[in-house]
Amino acid sequence: MLFKYFYNHLSFFRRLSQIMALIFIFAVPWLNRNGFHQILGTYYSMSIGPIDIVDPALLIQSILLTKQFYITLIFAAILPVLIALVFGRVFCSWACPFNFFVELIEKIGFFARKRIKKNVNPKPLYYWISPLVFLLFILIFNTPIITFFSMPGLISSQVGQAIFFGSIGFELTFVLIIIGLEIIIARKFWCKYICPVGAILALCRTRRTLTVQFTPQKCIRSSQNPPPCQSACPLHLNPRSKGIHPYCYNCGKCISACQKHGNALNFSFQNKKQINLKEIINR
Amino acid sequence: MIFKLLESWAQKKSLLRPPGAVPEQEFLKKCIRCLKCVEVCPYNSIKVLHAESGDSMGTPVIRAREVPCYLCMECPAVCPSGALQPVKEKEKVRMGVAKIDESTCLAYNGILCRACYERCPIYREAVILDQEIYPVVVEDKCVGCGVCENVCLTNPPSISVKPG
């Protein structure tokens, strides 16, 4: 029953989670300044009591740069990798402050509305170009470039520095530039096509990883263009056709939207083969 | 702006890293800029470099003249990436070596001063007084914490830590 409550109020719980993740960024440095050191760190790496957590993308970067396997770092990556294996890219939609800010701005409605192509998901291949470029860059130029391009890391680090030293650097300007580009040019291009943090999390996908499941028999085939499930999706994916992965970051907005119509979408740990709506119509 | 960049490039060779730091080239690769060492330091000694420092940006640095390291050794324990390695005894720390500029040091110029000698945490071993007057750095014992640089009465300080 508790689970049902959670399911019917997905949006509320997700916002709660995002806000708590944002408060973390401010509260931790402030607590540290006042002598409390049990919780430390940023979204690059943090520790809660004795538990160390590190962004798995940074573990990969570290291995490539140093050509060594550092045990503490490997152990610290276990928890985020486990969460990604079970729940998918939930960090992106339920915690990442960059995504939170961009969603807020989208809600206020700054964007030039782009026409969304109906029933078309971007090819999964395009997603993997960016992380490949990042990893090649690391190998060729020996620079920790993922550190400089991790939006959650940059934001949490800048806030931490602002609270500790009262000063911030150009890194924050870079974040603001990217947010600006999201507003002016293309919505969600960072989360969809560039962010290396999300890409490494997306690698941790199995057949049993949490996914959005579509039951075509319940679909009412809404005449709206685009249909409510697709217009709810912040990444402009079509949840009714296959190929939402690796893009889908399990925010659940399409599920909540469909609850008002046919309730044809739900979270599932069983990756049943996704059937295209056209196939159903043509039978 | 360009001057600042040139300045930070020149200072790149002389960055004082927190205790237990691996050699600079390796440090830049290992440090994940998580700020945990900055946050855990009880004296707020550890500062952070900004974007002008190029690929050192986000890394921890100690500016001894502002706040020196007091060798509590909390920071290597929290470093997750091994950029700071734990050191068993504080005497074994090698952040750098202090160097005295005898032309400006008060003691070498006829004014009795024992500030660096008195404040050095490796008391009577890393800084010794030659003939009870002239401070001399014993390089093998100096840990490079920068307390001497912080308390030196002259400005600019007559004793300063050369990192590495």
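How many salt bridges does a search of the whole structure find over all chains?

A: The model is a predicted one, in which local features need pLDDT of at least 70, side-chain atom pairs count only at pLDDT 80 or more, and totals for chains, interfaces and linings use all residues. Residues are numbered from 1 along each chain as its sequence is written, chains are lettered from A and ligands numbered from 1 in the order in which they are written, and side-chain values use heavy atoms, with hydrogens and water left out.

Over all chains, the search of the whole structure gives eight salt bridges. The term denotes a side-chain nitrogen of Lys or Arg within 4 Å of a carboxyl oxygen of Asp or Glu.

Within chain A, A:Glu103 and A:Arg14 form one such pair, at 3.3 Å from N to O. Distant parts of the chain are linked by this pair: A:Glu103 belongs to helix α6 (residues 97–108) and A:Arg14 to helix α2 (residues 10–33), 89 residues apart. Helices (H or I, at least four residues) and strands (E, at least two) are DSSP runs, numbered from the N terminus. Both A:Glu103 and A:Arg14 are buried; that word means under 20% relative accessible area, while exposed means over 50% and partly exposed in between (1.4 Å probe, protein chains only).

B:Glu89 and B:Lys92 meet at 3.1 Å, N to O, in a salt bridge. B:Glu89 is partly exposed because its relative accessibility is 40%, whereas B:Lys92 is exposed because its relative accessible area is 54%. In a further salt bridge, the closest N and O atoms of B:Lys141 and B:Glu125 are 3.6 Å apart. This pair also links distant parts of its chain, 16 residues apart: B:Lys141 is in the loop between β5 (134–137) and α6 (147–151), and B:Glu125 is in the loop between α5 (115–119) and β4 (127–130). B:Lys141 counts as partly exposed because its relative accessible area is 38%, and B:Glu125 likewise because its value is 39%. Returning to chain A, salt bridges with shared partners join A:Arg14, A:Arg15 and A:Glu103 into one network.

The interface between the chains must also be considered. Across it, the rule finds one salt bridge: B:Lys36 pairs with A:Asp52, with 3.3 Å between the closest N and O atoms. On the side of chain B that touches chain A, the elements giving two or more residues are α2 (24–30), α3 (36–40) and β1 (46–48). The contact (heavy atoms within 4.5 Å) takes 35 residues from chain A and 25 residues from chain B. About 2,500 Å² is buried between the two chains, 63% of it given by carbon and sulfur atoms; buried area is the accessible area (1.4 Å probe) that two parts lose on being put together, summed over both. In chain B, the residues losing the most area to chain A are B:Lys29, B:Ile32 and B:Glu39, which together account for 26% of what that side buries.

A:Ser157 counts as buried because its relative accessibility is 5%. Leaving aside residues up to four places away in sequence, A:Ser157 touches A:Thr42, A:Tyr44 and B:Leu35.
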